[in-house]
Amino acid sequence: MLKGLDVKYLKHFFQFAQPYRRTAWIGVAMLPLSIACSLLFPWLIIQVIDGYLSHGNIDGLLTPIFYLVAVLIASYIVDTTYAYNLRKTGQFTIADMRSVLVSRVLKLPRSYFDNTPIGITLSRLTSDLETIGDSFVQAVVGLVRDSLNTIALLIMMLVIDWKLTMVVLVVMPPVIYLTVYVRNRLRQMHQITRSALARGIGYLQEVLLGVKTVQLYRAEQEVETKYQSYTDEFLAAQMKVNKYDAILFAFISGVTSITIALMIWFGSGQVLEASLTLGVLIAFINTLEKVFIPIRDFTSQIASIQSSFAAF
C-alpha cells in the first residue's frame, strides 16, 4: 500500500515526533485494551443470548448486562485516551515542523525568491502543513486502530465458526483490489490539487501586490482568465477525487448489505439445523458491521492520507 517515497515521508515525520515519543507510547499502549474491548463485547452478547434469553432464563441476567455496560465504558475511555495522546503528539510534531521550515525559508538565497512566487512558499508553510496535521495525523490515528481491531475480530470469528466467517472473507478480495486502485488514483489527483492550489495562491499574491500595475495596463481580464485556469484545474481534480471516493464508499456499503443478507440466509439454515446457536449468529451480524465500517471509513482515511502525502 505504501510506496518507497511514502515511507521516506513517514521517516521524516517520525524524526520530528521523536521528542514526544512518551506521549505517543501512552496512546499506543491503549491499543491492546481497545482490541480486548472489541472482542469482549460480541462474546458477552453470545453469553447473554445463548445462556439466558434462548432458555427464557432471566435469573442472573443483570451480571452479564453489567459487564456489557462496563466494556462499553472502558472502550470509550481507552479510545479517547488513544486518540488524545496520538493527536497531541501529531500537533506538537507539526508545530516543530513549521518552526524548522520557517527557519529554513529565512536562510534561502535571494535567487529562490526571485524565481519562486511568495504565494507558493506561503501555501507550503500554511495550508500544506495544516493538511498534514488535520488529515495525516487524524487519519493514521483511526487507521491503525481500526485495522488491528478488524484483524482481531476476523480471527475471533474464525475461531467461533469458520464457515460463517468464510461468507465475509469471500467478498474481501474485490474490496481490497478496488481500494488499492482508488488509492493510486487519489494520490495522483491530490498531487494535482496541491500543485494547482499553490500556483493559484502564488499568482493571486503577485497580482494583489501589483494590482496598481494591472489596472494601469487594463489587464484585469487577462489576469482573471489566467487565475480562472488555475481554479478550473483545481476544481477538475477535486471533482475526480470526490468521484472516486464516492464510488468506493458506495461499493463498500453495498458489499456490507449483501454480506449481511448472505450471513442471515446461511446462518439461519445452520440455526434450524442446530449446528449454530442464535447468539453466535446475532453476534456475527453485530460484529460484521464493526468489520466493514472500518473498511468503509478506510476509504476516507486513504483520501486524507493521500492528501497529506501530496502536501509533503
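Author: Start with Glu233. At 30% relative accessibility, Glu233 counts as partly exposed. Keep in mind that this is a predicted model.

Reader: Why is Glu233 called partly exposed?

Author: Buried means under 20% relative accessible area, and exposed means over 50%. Glu233 has 30%. That value falls in between, so the label is partly exposed.

Reader: What makes Glu233 and Arg199 a salt bridge?

Author: The closest N and O atoms of Glu233 and Arg199 are 2.9 Å apart. The cut-off is 4 Å, between a side-chain nitrogen of Lys or Arg and a carboxyl oxygen of Asp or Glu. The pair is within that cut-off, so it counts as a salt bridge. A search of the whole structure finds one salt bridge.

Reader: Which parts does the pair tie together?

Author: Glu233 lies in helix α11, and Arg199 lies in helix α9, residues 172-209. The pair therefore ties together parts that are 34 residues apart in sequence. Arg199 has 28% relative accessibility, so Arg199 also counts as partly exposed.

Reader: What else is known about helix α9? Is Leu204, for one, buried or partly exposed?

Author: Leu204 is in helix α9. Its relative accessible area is 35%, so Leu204 is partly exposed. The C-alpha atoms of Leu204 and Val223 are separated by 9.0 Å. Along the chain these two are 19 residues apart.

Reader: What makes Arg218 worth a look, and where is Arg218?

Author: Arg218 sits in the loop between α10 (211-216) and α11. Its phi is near 50°, a positive value in a residue other than glycine. Most residues other than glycine have a negative phi.

Reader: Why is Arg218 called exposed?

Author: Exposed means over 50% relative accessible area. Arg218 has 72%, so the label holds.

Reader: How do you know whether Thr93 is buried or exposed?

Author: Thr93 lies in helix α4. Its relative accessibility is 0%. The limit for buried is under 20%. Thr93 therefore counts as buried. Not counting residues up to four places away in sequence, Thr93 touches Phe13, Phe16, Ala17 and Tyr20.

Reader: How much of the protein is buried?

Author: Buried residues make up 41% of the 312 residues. The protein exposes about 17600 Å², and carbon and sulfur atoms supply 67% of that area.

Reader: Which residues have the most contacts inside the largest nonpolar core?

Author: They are Val168 and Met263, in a core of 26 residues. Helices α3 (30-51), α4 (62-106), α7 (127-160), α8 (162-169), α11 (220-272) and α12 (278-311) each supply at least two of the core residues. Helix α3 gives the most, with seven. A second, separate core has 11 residues, including Val175, Leu178, Val182 and Val255.

Reader: Which residues form the nonpolar patch on the surface?

Author: Leu62, Ile65, Val69, Ile73, Tyr76 and Ile77 form the patch. Together they have about 630 Å² of accessible area.

Reader: Where is Phe113, and what does Phe113 contact?

Author: Phe113 is in helix α5, residues 110-115. At 31% relative accessibility, Phe113 counts as partly exposed. Leaving aside neighbours within four places in sequence, Phe113 is in contact with Val105, Leu108 and Ile118.

Reader: How many helices and strands does the protein have?

Author: There are 12 helices and zero strands. Take contacts between residues at least 6 apart in sequence: 86% of them join residues at least 24 apart.

Reader: What pLDDT does the protein average?

Author: The average is 78, and 82% of the residues score at least 70. Over residues 308-312 the pLDDT is below 50. Beyond near neighbours in sequence, that stretch still has 24 contacts in the model.

Conventions: Residues numbered from 1 in each chain as written. Predicted model: local features only at pLDDT ≥ 70, side-chain atom pairs only at ≥ 80, totals over all residues. Heavy atoms only, no water. Core = buried A, V, L, I, M, F, W, Y, C linked by side-chain atoms within 4.5 Å. Buried < 20%, exposed > 50% of the residue type's maximum accessible area, 1.4 Å probe, protein only. Helix = DSSP H or I, 4+ residues; strand = E, 2+ residues; numbered from the N terminus. Patch = residues over 30% accessible without salt bridge, like charges linked within 9 Å, V, L, I, M, F, W, Y side chains within 5 Å. Areas by Shrake-Rupley, 256 points an atom, 1.4 Å probe, with all protein chains shown as cover. pLDDT = per-residue confidence, 0-100. Contact = heavy atoms within 4.5 Å.
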